[in-house]
Amino acid sequence: MKLPYSLALATAGLAASYAAYAATPAVTNAIKARQASYKEIGGAFKSVNDEIKSGSPDMNSVRPLARDLATRAALLPKYFPKGSGPESGVKTRAKAEIWKDNAAFVKLQGDMITAAKALDAAAASGNVAGLTAARNSLGGTCKSCHDRFRAEL
Amino acid sequence: MVKADASSGAVRLRIWDLPTRLFHWTLVPLLAFAWWTAEERMLDWHRLAGYSIFTLLLFRIIWGVAGSSTARFANFVGGPSRLFHYIRGHMFNRSAAPAPGHNPVGGWSVIAMIAILAVQVGLGFFSVDIDGMESGPFSYLVDFETGRVAAEWHAFIFNIILALTALHVVAILFYLLHRRDNLVGPMISGRRKWTGDHPTLHFASSWTALVLFLLVAGGTWWLIAQFGRA
């Protein structure tokens, strides 16, 4: 007699937990878009770095990469809607602290956008020392935000 | 290579040459240093640790072909029958004669350790940090995603290295407690207590080892300086 009852309860519980974890399409899309964008950002920044590490960066390669970085950085804020953290159930390293301590996160995001713009300007000017300095400060913004808001799996 | 001669009685038999012992005891702090510099994000030092370990591994592989009897792979790496014969007949038997060098099980653990460390160094060469700032010297040859995969494997494989190290220590404790055989002393002094007929072991010159090591170190430096970007 008790078995069907508990079975129903378990099913309901499972359905409820599934509903809690099933993110809305908008949230899922935002997560996918930000992950894709971060991959592009990582790739472009790595290519800029590879150029700098070669000792004589090819500015013609660096310029479009730096422009891409500045453009993508400016778009990042819209990829972090509420609910797109770990509670979304989607595989993400975005910590819940992003929304708990949102002012700090937005500040760091702003720093990154500014640093990416500066990299773009430095690439346009073609000065290697300026480019290297801009690369360092942009890399620093990656790290300071990752340390605090990106989960190590 | 391993022949018995007629002499008997307890002696201090030389089994490990100096280069093999130096290889072992430099590797230990280097692994700890590589771990610590990664934890502290001192990537300049971490890369140096990696290059040093790479040099040591290359040297050990060459020494495993050109070195003393007990350092040579051909003398301690056996097939499954030798392995099972040792495990069933010798390993747990306190009165069984000790191995003059690596026993068949230990031999495979040497191979496993060298192989996993080589894979680890290889992955480190191509790794890219998530912040895009730090990278292995050859990561410029691969794209960002490949570099990230290499870095993730690099982080994972460290756990396997820890597991193998733990197994190594457990095995040493097993030999110490069950077989009453201290394996650490000989790795320091090069000699172990030996009773009865003792094998004839050939020892290669430490000067040969030094020349080989310097060649390998120079080659590594040239490879990184010439083709690496870090």
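In what order do the elements of chain A run from the N terminus on? They go α-α-α-α-α-α, and the count for chain A is 6 helices and 0 strands. Helices here are DSSP runs (H or I, at least four residues) and strands likewise (E, at least two), numbered from the N terminus.

A quick word on the ground rules. This is a predicted model, where local features need pLDDT of at least 70 and side-chain atom pairs count only at pLDDT 80 or more, while totals for chains, interfaces and linings use all residues. Residues are numbered from 1 along each chain as its sequence is written, with chains lettered from A and ligands numbered from 1 in the order in which they are written.

**Chain A**

Of the 153 residues in chain A, 27% are buried; that label takes 20 or more other C-beta atoms within 10 Å of a residue's own, with C-beta atoms placed from the backbone. Contacts (C-beta atoms within 7 Å) with a separation of 6 or more in chain A come, for 71% of them, from residues 24 or more positions apart.

| Helix of chain A | Residues | Residues making the contact |
|---|---|---|
| α2(A) | 25-53 | V48(A), N49(A), I52(A) |
| α6(A) | 128-149 | L131(A), T132(A), R135(A) |

The two helices pack at about 135 degrees with axes 11 Å apart. That makes α2(A) oblique to α6(A), a class for angles that are not under 35 degrees (roughly parallel), over 145 (roughly antiparallel) or 65 to 115 (roughly perpendicular). The crossing is left-handed, meaning the near helix is turned anticlockwise from the far one by less than a right angle. By class, this contact has 3 nonpolar, 2 polar and 1 charged residues. Nonpolar covers Ala, Val, Leu, Ile, Met, Phe, Trp, Tyr, Cys and Pro, charged covers Asp, Glu, Lys and Arg, and the others, Gly among them, are polar.

**Cores and the interface**

A nonpolar core is a set of buried Ala, Val, Leu, Ile, Met, Phe, Trp, Tyr and Cys residues joined through C-beta atoms within 7 Å. The largest has 25 residues, and those with the most contacts inside it include I53(B), F54(B) and V121(B). α2(B) gives the most to this core, with 8 residues. Not counting residues up to four places away in sequence, V121(B) touches G50(B), I53(B), F54(B) and L57(B). A second, separate core of 20 residues includes A66(A), L69(A), L119(A) and L131(A).

Between the chains, 12 residues of chain B are in contact with 13 of chain A. The chain B side has 6 nonpolar, 2 polar and 4 charged residues.

How values were computed
Two residues are in contact if their C-beta atoms, placed from the backbone, lie within 7 Å. A residue is buried if 20 or more other C-beta atoms lie within 10 Å of its own, exposed if 12 or fewer, and partly exposed in between; C-beta atoms are placed from the backbone. Axes are lines fitted to C-alpha atoms, for helices over the stretch in contact, and angles run from 0 to 180 degrees between N-to-C directions.
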